[in-house]
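Here are my notebook entries from a first look around this structure.

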Amino acid sequence: MATAAAQRTARTPADGAPDSVDTAAYQHAFDTAVAADERIEPRDWMPDAYRATLVRQIAQHAHSEIIGMQPEANWITRAPSLRRKAILMAKVQDEAGHGLYLYSAAETLGTGRDELLDKLHSGRQKYSSIFNYPTLTWADVGAIGWLVDGAAITNQVPLCRCSYGPYARAMVRICKEESFHQRQGYELLLALSKGTPAQHAMAQDAVNRWWWPSLMMFGPPDDASQHSAQSMEWKIKRHSNDELRQRFVDICVPQAESLGLTLPDPDLRWNEERGHHDFGPIDWTEFWEVLKGNGPCNEQRITQRRRAHDEGAWVREAAAAYAAKHTRGTGETAHETGETGAEQA
Amino acid sequence: MTATGPATVPVTAALALGDDALVLSHRLGEWAGHAPVLEEEVALANIALDLLGQARILLSMAGDEDELAYLREERAFRNLQLVEQPNGDFAHTIARQLYFSTYQQLLYAELAAGDGPFAPLAAKAVKEVAYHRDHAEQWTRRLGDGTETSHERMRHACAALWKFTGEMFQPIEGLETDWTGLDQRWQESVADVLSRATLPLPEGPRTGAWSAGAGRQGLHTEPFGRMLAEMQHLHRSHPGASW
């Protein structure tokens, strides 16, 4: 909640934009609320750029949940035990649910889900580049749970304190489920690592392929991150990309040891002086290529997403036509009154 | 002796009901990432999970769930041919759901009311199945009474799957049920839903020369073998491994 003072001054009048004198007062109330770690709520005044940044970030977060269903759903029909199959189905279902929370959060900023999906389908908004990598073996499902969800959690836990209320609250719910998924992924890899030699090799291969892309999930290095400074000032972000990446590496190293797996980085070692692990250079060329659309699965992911949407159009149209006929309140249907959906529309 | 007490579990019945749930769950799992609207990603996965949960309990009553799911061949599966039918378009999936969930709810309500070995499972499952049936009925009405296109697709789907519906009422060894009465109530319920959805009741035989009781005897349709190949290949590639 914003402060009472901020609420008194910072409501945008319904009849139009405030004049410049008001704007300065609104901006001041907004800055004060953010500085005091208060939450900005949908009806509070906010700078246009703050609104635009949040729409971009929340939408891309929602898109990532939706596209992120694909690499894992790829293994639902091949899961090697019924228990694992149930866990995986539940996880993919959770991701669809997370997408729905996040689209709702984005909608509080004055946009619509259809509009956002349209931007995803036309490539005008992005999703996390990690989902452009393929799931080639069953162990990839575990590596995604452990590393990708682990990186996501490291990124997202601070977002539970983000200055925008609806986003922060969505993140609280999402992080709870994500940590559950992450433990399940770790446990899946552990079963493989302690299984047959072939299973162990499958686990190691998956970790080798997912480690570096997971480190790239924290975004470009701080000196190349265009939105970071402003987002930190607005308390949308709380830590820099490189800080979070370092935190993630420090968490993963002991976990990899207890998994009995190695991380594919010859330069990875403890640095006593820094109290952190040093690690090797990230291939930023690969990162930018994937971001530009040239990753291994960019085309496949967006094509499947568009196809599901296009092939589902007749279903959504049917639901809308049915609703138009049957929501007239009297219990009388359009058929009974002789009207058609087209006439009502 | 089994966990359910002195009464021996009728293995044939546990496999028939378990295989229905397992196979339909698998088909619904194929929708993940392909549904027409995000809410249906959630709903179809939810139904698939309920069915998988039922399958695991039922198969465990008959033996080891993973051995039964992953190491039997096509001729040893006892599921209905209806549940193994490919998803087709959304209307086909909904028609399959309507036919099966209506059957499952009527059957499980009877099993839950009895005192046989399936009563505890049925008592829990019948609540889930009531939701599945509601979901299928609502979509049957939306599609049937939606647009011309959706009406035509739904009509076609109901007609195409009609020939698999008679098999549901072939008696299952180990289940004491009035199968004829069950069939009658099923037909009444489906006729009512279809009429409210402005759809005609399909005509034509509900079983063929080949299909009477076929799935229950391990005689399946062609798409089923391919489905099993995908489902079982990883498990079979690592004999004896745990996951």
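This is a predicted model: local features need pLDDT of at least 70, side-chain atom pairs count only at pLDDT 80 or more; totals for chains, interfaces and linings use all residues.

**Entry 1: cysteines**

I began by searching for disulfides, and the structure holds zero of them over all chains. As a reminder to myself, a disulfide is a covalent bond between the sulfur atoms of two cysteines. I then looked up two cysteines, one from each chain. A:C297 has a relative accessibility of 4%, so I noted this residue as buried. B:C158 comes out at 1% and counts as buried too.

**Entry 2: chain A as a whole**

Next I asked what secondary structure chain A has. The tally is 16 helices and two strands. Chain A has 345 residues, and 54% of them count as buried. I also checked how far along the sequence the contacts reach. Taking contacts in chain A between residues at least 6 apart in sequence, I found that 75% join residues at least 24 apart.

**Entry 3: where chain A meets chain B**

How many residues does each chain bring to the contact? I noted 45 residues from chain A and 49 residues from chain B. The area buried between chain A and chain B is about 4000 Å², and carbon and sulfur atoms give 67% of that.

I then went through the polar side of this interface. The rule finds two salt bridges across the interface of chain A and chain B. One of them pairs A:R113 with B:E39, with the closest N and O atoms 2.5 Å apart. Across the interface of chain A and chain B I also noted 17 residue pairs in polar contact, both residues of each pair being at pLDDT 80 or more.

Which elements of chain A give two or more residues to the side that touches chain B? My list reads helix 4 (69–73), helix 5 (82–107), helix 8 (165–193), helix 9 (197–216), helix 13 (298–311) and helix 14 (313–326) of chain A. Helix 5 of chain A gives the most to that side, with 13 residues. Sorted by class, the side of chain A that touches chain B has 27 nonpolar, 10 polar and eight charged residues.

**Entry 4: salt bridges within the chains**

I widened the search to the whole structure and found 27 salt bridges over all chains. One of these joins A:D37 and A:K235, whose closest N and O atoms are 3.1 Å apart. This pair links distant parts of the chain, the two residues being 198 residues apart. A:D37 sits in the loop between helix 2 (20–35) and helix 3 (48–67) of chain A, while A:K235 sits in the loop between helix 10 (228–233) and helix 11 (241–259) of chain A. A:D37 has 48% relative accessibility, so I put this residue down as partly exposed. I also noted that A:D37, A:K235 and A:R238 are linked in a network of salt bridges.

In chain B I picked out two pairs. B:R27 forms a salt bridge with B:E30, and the closest N and O atoms are 3.0 Å apart. Are these two partners buried or exposed? B:R27 is buried at 6% relative accessibility, whereas B:E30 is partly exposed at 26%.

For the second pair, the side chains of B:E152 and B:R155 meet in a salt bridge at 2.6 Å, N to O. Both residues lie in helix 7 (residues 148–161) of chain B, three residues apart, about one turn of the helix. B:E152 is partly exposed with a relative accessible area of 39%, and B:R155 is partly exposed with 33%.

**Entry 5: two buried residues**

I finished with one residue from each chain. A:E72 lies in helix 4 of chain A, and its 1% relative accessibility makes it count as buried. What does A:E72 touch, leaving aside residues up to four places away in sequence? I wrote down A:L88, A:K91, A:V92, A:E95 and A:I144.

B:T140 is found in helix 6 (residues 119–144) of chain B. At 0% relative accessibility, B:T140 is buried. With residues up to four places away in sequence left out, B:T140 touches B:I94, B:L98, B:D145, B:M154, B:V193, B:L194, B:A197 and B:L199. I also took one distance: B:T140 and B:V11 are 129 residues apart in sequence and 34 Å apart in space, C-alpha to C-alpha.

Key: Residues are numbered from 1 along each chain as its sequence is written. Chains are lettered from A and ligands numbered from 1 in the order in which they are written. Side-chain values use heavy atoms; hydrogens and water are left out. A disulfide is a pair of cysteine sulfur atoms within 2.5 Å. Buried means under 20% relative accessible area, exposed over 50%, partly exposed in between (1.4 Å probe, protein chains only). Contact means heavy atoms within 4.5 Å. Buried area is the accessible area (1.4 Å probe) that two parts lose on being put together, summed over both. A salt bridge is a side-chain nitrogen of Lys or Arg within 4 Å of a carboxyl oxygen of Asp or Glu. A polar contact is a pair of N or O atoms within 3.5 Å; within protein, one must be able to donate a hydrogen and the other to accept it, and residues adjacent in sequence count only if both atoms are side-chain atoms. Helices (H or I, at least four residues) and strands (E, at least two) are DSSP runs, numbered from the N terminus. Ala, Val, Leu, Ile, Met, Phe, Trp, Tyr, Cys and Pro count as nonpolar, Asp, Glu, Lys and Arg as charged, and the others, Gly among them, as polar.
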